[in-house]
Amino acid sequence: IIMKHKYLLLVITTLFFLNSYSQTCGFDLVRSKLRQDPSYIQLEKVAEQRIQEAIEKRSLSKRSGGLAKILTIPVVIHVMHLGEAVGTGINISEAQIQSSIDNLNEFYRGKTEDSPIDFRVEFVLAKRDPSNNATTGIIRFDLSGNLQYSNFGVKVGNIYGVSHDEIVALSNWPQTDYLNIWIISEFDDNNGGSVIQGYAEFYNETGEHGAVMMASIFGYDPN
């Protein structure tokens, strides 16, 4: 599945975190660092304009033909584990991953108490990779040999750990065709616990946008 409405990825990715993890989302912290570069601020402005244009086109389509067509977004999950067997530790199971995708769809289709609005958006684990080969949409990457990652995880406000760019360089699919989500061990040596739980970067065509989340919070258990 190819994601043609690429500018809506910003809306989807950002709302995903702001709605689900508003108390522990690192979006503002990451964005404040990026905005220290004047060229990034300009990219944000251009992206915002194009997002508004994409939203308006979708709105016009809805007004002219009833309900807007459901937008299907292919998702690729990059599990950055520490050598555990599948289904243990950071190397979370396919079932746990699917539970999060299912719950996300419930939210965006207006089927939960928290979200009474149908956004006409659905997420699905990618069925085809960038080379058009069959895939589960789940990529597992062993980072047990990386001491910075195994000891500290991904750095946001800390000086230790691996950077966002390093994670992306290891495993990343084209951002205009997929929503990338990286599942990681921890942020800033927090042992997978308090403070930042995840973040999403503001979309721009030259960036490495996507969502980064700890394995400990990715999944849905109604109990």
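## Confidence of the model

Across the chain of this predicted model, the mean pLDDT, which is the predictor's confidence in each residue on a scale from 0 to 100, is 80, and 70% of the residues score at least 70. Among the elements of the chain, helix α1 (residues 8-20) has the lowest mean pLDDT, at 49, whereas strand β3 (residues 138-142) has the highest, at 97; helices (H or I, at least four residues) and strands (E, at least two) are DSSP runs, numbered from the N terminus.

Over residues 1-8 the pLDDT stays under 50, and the model has 25 contacts for them beyond four places in sequence, a contact meaning heavy atoms within 4.5 Å. The pLDDT is also below 50 over residues 17-23, a stretch with 13 contacts in the model beyond near neighbours in sequence. Where pLDDT is low, the predicted coordinates should not be read in detail.

Strand β4 (residues 179-184) is largely enclosed by the rest of the structure, because six of its six residues are buried, that is, under 20% relative accessible area, with exposed meaning over 50% and partly exposed in between (1.4 Å probe, protein chains only). In a regular strand the side chains alternate between the two faces of the sheet. In β4, L179, I181 and I183 point one way and N180, W182 and I184 the other way, and all are buried.

Two strands count as paired if DSSP finds at least two bridges between them. Strand β1 (residues 71-81) pairs with β4 in the parallel sense over five bridges, and H78 stands opposite W182 in β4. Strand β6 (residues 211-214) pairs with β4, also in the parallel sense, over four bridges, and here I181 stands opposite A211 in β6.

## Aromatic pairs

A search of the whole structure finds six aromatic pairs, where rings of Phe, Tyr and Trp (its six-membered ring) pair if their centres lie within 6.5 Å, and planes under 30 degrees apart count as stacked, over 60 as edge-to-face and the rest as tilted. The rings of F107 and Y108 form an edge-to-face pair, because their centres are 5.3 Å apart and their planes stand at 70°. Both F107 and Y108 are buried, and together with F119 and F123 they form one aromatic cluster.

The pair of F152 and Y160 is stacked, because the ring centres are 5.1 Å apart and the planes stand at 25°. Y160 counts as partly exposed because its relative accessibility is 41%.

## Basis of the values

Residues are numbered from 1 along each chain as its sequence is written, and side-chain values use heavy atoms, with hydrogens and water left out. As this is a predicted model, local features need pLDDT of at least 70 and side-chain atom pairs count only at pLDDT 80 or more, while totals for chains, interfaces and linings use all residues.
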